[in-house]
Number of protein chains: 2
Amino acid sequence: MNAYQIIAKKRDGGALAADEIDYFIHGYAHDKIPDYQMSALLMAIYLNGMSFAETATLTRSMLESGIRMNFKNIPGYKIDKHSTGGVGDKVSLVLAPLVAAAGVKVPMISGRGLGHSGGTLDKLEAIPGFRTNLSIDEFYQQIDEIGVAMIGQTERICPADKKMYALRDATATIESVPLITGSILSKKLAEGIDGLVLDVKTGVGAFMKTADDSRILAESLVKTAALNDLPTTVFITRMDEPLGRAAGNWLETREAIDYLKGGGASDLMELTLALSAEMLLMAKIVRSAEEARHRLNELLNSGAAFRKFCQMVEHQHGDVSILHEPEQYPRSKYELHIKALRDGFIKEIDALTIGLSVVQLGGGRLVMEDQIDYKAGILLHCQIGDAVKKDQTIATIYSDREKAIAEVDCALSKAFTISGECVKKPSLIIDVVRP
Amino acid sequence: MNAYQIIAKKRDGGALAADEIDYFIHGYAHDKIPDYQMSALLMAIYLNGMSFAETATLTRSMLESGIRMNFKNIPGYKIDKHSTGGVGDKVSLVLAPLVAAAGVKVPMISGRGLGHSGGTLDKLEAIPGFRTNLSIDEFYQQIDEIGVAMIGQTERICPADKKMYALRDATATIESVPLITGSILSKKLAEGIDGLVLDVKTGVGAFMKTADDSRILAESLVKTAALNDLPTTVFITRMDEPLGRAAGNWLETREAIDYLKGGGASDLMELTLALSAEMLLMAKIVRSAEEARHRLNELLNSGAAFRKFCQMVEHQHGDVSILHEPEQYPRSKYELHIKALRDGFIKEIDALTIGLSVVQLGGGRLVMEDQIDYKAGILLHCQIGDAVKKDQTIATIYSDREKAIAEVDCALSKAFTISGECVKKPSLIIDVVRP
């Protein structure tokens with residue numbers, strides 16, 4: 001067995017055996033197989049695909065390149081939620097403390113924003129002092145003590161994925177269902193969780209542009225997770241307009257705080273409750289979705305979910321006072337109101353343009369080394385389906401960059417489509433795929 | 001324009017524009033595009049192909065990575081012949097001086113053997129003192145003075161091809177028609193020739209295993225050459241059994257000398273005359289194939305072709321005395337006769353086994369760094385179609401390696417298939433493809 005033969009086999013459309021996949025991934029992770037051979041294999045996988053069995057082996061092999069957490073000594077059901085990324089997606093900030101408040105353990109490992117897509121870690125770090133780089137022992141301890149912790153990827157988890165992802169990013173092999181599946185699930189399997197809920201975003205602001213592509217990915221994720229003994233439910237949800245009303249790190253964290261205190265946009269609430277209810281059902285601490293929703297609403301209304309969030313922020317060295325008085329947060333130097341160009345109904349809010357505009361305002365990254373201005377972003381004052389009057393403020397831009405404000409002003413006016421006819425807001429959840 | 005976008009375009013089956021191909025090849029040749037991006041593109045080309053227009057641009061772009069020779073100041077038609085490689089193919093050693101003796105200039109750049117396939121340079125270097133590393137000025141001068149020179153690839157010709165070929169060899173992207181076409185033709189275009197004859201070998205001992213695959217390659221070569229203004233004829237010829245009777249460097253050179261002196265196997269003669277006649281026709285120094293063959297036979301019978309060979313060897317510092325007294329060449333320590341196992345007719349002589357056996361005997365290379373024993377090899381005393389008697393010697397093995405002799409003895413007895421029924425030797429030339 002050698003790397004050449006394995007590349008040639010996949011090139012010719014063959015199914016790779018488990019020992020061949022292990023040989024390649026292990027060799028690559030240990031720098032024995034060079035980048036140029038891996039990128040040839042990645043392109044062959046991109047173009048010729050992989051069976052579910054191959055994808056499951058790839059996932060396990062990537063997982064085995066690093067450590068696997070073990071929560072066996074901590075009682076309770078451990079579950080995580082992961083989204084494929086979009087604009088305005090602050091669900092995790094509400095869901096993690098909410099589900100933990102219901103008595104389920106949520107050891108969550110999240111990512112950072114890149115390009116138009118935001119990341120949970122950045123939103124958490126918008127809270128002064130918040131540490132996302134807990135050690136694994138600190139992570140275990142916090143899950144044991146308060147049932148929830150939100151941290152970043154560590155070097156010790158799936159080093160093969162980190163190396164492969166960087167290579168895929170340079171060789172146009174990102175958008176491959178087996179490779180996406182392996183990348184997502186290897187890291188989630190490494191968390192040592194009992195169950196997983198995934199949110200596959202679909203639409204102009206997402207990685208997957210069509211519902212059909214998302215269904216293919218969802219099926220791959222559910223089947224591959226099952227082959228690795230991880231019960232997994234995949235939600236396919238709309239990402240045409242931003243989720244909720246805020247895009248930009250602190251603005252989103254603040255929206256999550258508002259929601260935890262009892263406010264929030266209806267779409268954000270709909271999705272958060274649906275995902276959280278699924279987690280409670282998988283953990284078997286409720287018997288029905290209705291019971292789950294009832295329980296979750298109680299935890300929100302009683303302030304228990306917000307208290308859990310504060311507890312987590314405190315444990316992770318964040319400034320809790322800002323959660324109680326979010327209006328004390330520093331403000332951007334510049335604010336600009338975007339006005340509706342006509343009377344009518346909001347038909348489209350282009351999430352991709354909104355996401356890219358946030359980057360331009362300083363609130364995101366084009367490359368991983370970019371610094372983020374947590375204050376920068378966009379607040380939407382409307383959502384699809386809302387009636388608006390000409391010159392009504394439909395969005396506000398926040399930034400310290402004077403020049404960027406003007407550029408984004410121009411781009412944003414095109415991001416909103418206003419129709420003369422009444423528009424019905426489409427359902428956010430397109431489909432739910434279970435094993 | 002960037003490398004990522006170009007890879008993605010080819011990945012998605014798009015046709016690359018000329019400036020995109022130039023950007024990638026130029027960037028790669030100048031170490032601005034890394035191996036891992038090139039190997040992703042190579043795999044995408046392998047799997048999604050290239051149009052003739054793209055292949056022609058690729059070829060030109062690879063050509064432009066180095067120098068292009070210019071024979072404008074030297075009168076006469078300049079033409080080269082190139083074979084895709086096989087076992088026992090010593091045609092160039094006869095053809096180059098023969099065609100030059102007819103008054104056509106033959107500036108020939110050849111390669112070395114690797115694996116089962118032999119190389120013209122090694123056969124020439126079997127002649128003591130023969131220099132294949134002439135400078136380009138020496139090459140020009142010799143073509144001007146005697147009309148023929150046979151040298152090796154220089155670093156200054158198509159450096160992009162050298163780098164790409166090494167990468168393809170490691171990433172299972174060798175067997176791609178556009179990439180093979182680009183590799184062969186870029187180097188031939190760099191010779192600054194007026195015409196080209198190619199011999200695409202087909203069968204078990206060749207790179208292309210089937211006539212259909214060879215036809216596809218032949219069409220690509222002819223069309224791509226035409227788009228780069230190089231008149232080219234492609235012969236598709238059988239490479240199931242070795243060509244002629246000798247395999248191994250000195251044994252083959254000696255067979256070529258015998259042929260130039262008037263002897264030689266019929267298949268070797270058939271192919272050499274067909275290719276040489278085509279070259280004379282392309283150079284328009286004859287009006288018909290019959291006239292060409294008549295002229296060529298005259299040059300062989302009169303000794304003019306042999307004298308031209310001696311003249312070339314002398315110019316390139318080779319020991320001419322060995323051409324006149326080849327029996328003075330050092331002999332291998334061991335010789336072993338292979339006997340026919342039964343009465344019958346030779347049905348198959350597996351060229352691949354013969355080629356690999358020559359390597360084992362010391363007469364070839366597994367990697368480019370291997371040293372060659374020029375004396376080592378195999379002489380066949382029969383060809384397909386010949387009648388043989390049980391225990392008749394059908395081949396002789398020459399080697400200094402005592403252990404290898406025994407191993408090859410065993411392998412060779414399986415390389416010959418003897419049938420009870422009469423076998424008709426199939427025609428060597430399968431097809432000829434012209435623009």
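**Reading the interface between chain B and chain A**

Between chain B and chain A about 1800 Å² is buried, 67% of it from carbon and sulfur atoms; buried area is the accessible area (1.4 Å probe) that two parts lose on being put together, summed over both. Tyr4(B), Arg11(B) and Tyr36(B) supply 33% of what chain B buries against chain A, more than any other three residues. This is a predicted model, in which local features need pLDDT of at least 70 and side-chain atom pairs count only at pLDDT 80 or more, while totals for chains, interfaces and linings use all residues. Residues are numbered from 1 along each chain as its sequence is written, and side-chain values use heavy atoms, with hydrogens and water left out.

Trainee: How many residues does each chain bring to the contact?

Mentor: Contact means heavy atoms within 4.5 Å. Chain B brings 22 residues and chain A 23 residues.

Trainee: How many salt bridges are there between chain B and chain A?

Mentor: A salt bridge is a side-chain nitrogen of Lys or Arg within 4 Å of a carboxyl oxygen of Asp or Glu. The count is two; one of them joins Arg11(B) to Glu175(A) at 3.4 Å, N to O.

Trainee: Which elements give two or more residues to the side of chain B that touches chain A?

Mentor: Helices (H or I, at least four residues) are DSSP runs, numbered from the N terminus. Those elements are α1 (3-11), α3 (35-48) and α8 (159-171) of chain B. The most comes from α3(B), with ten residues.

Conventions
Chains are lettered from A and ligands numbered from 1 in the order in which they are written.
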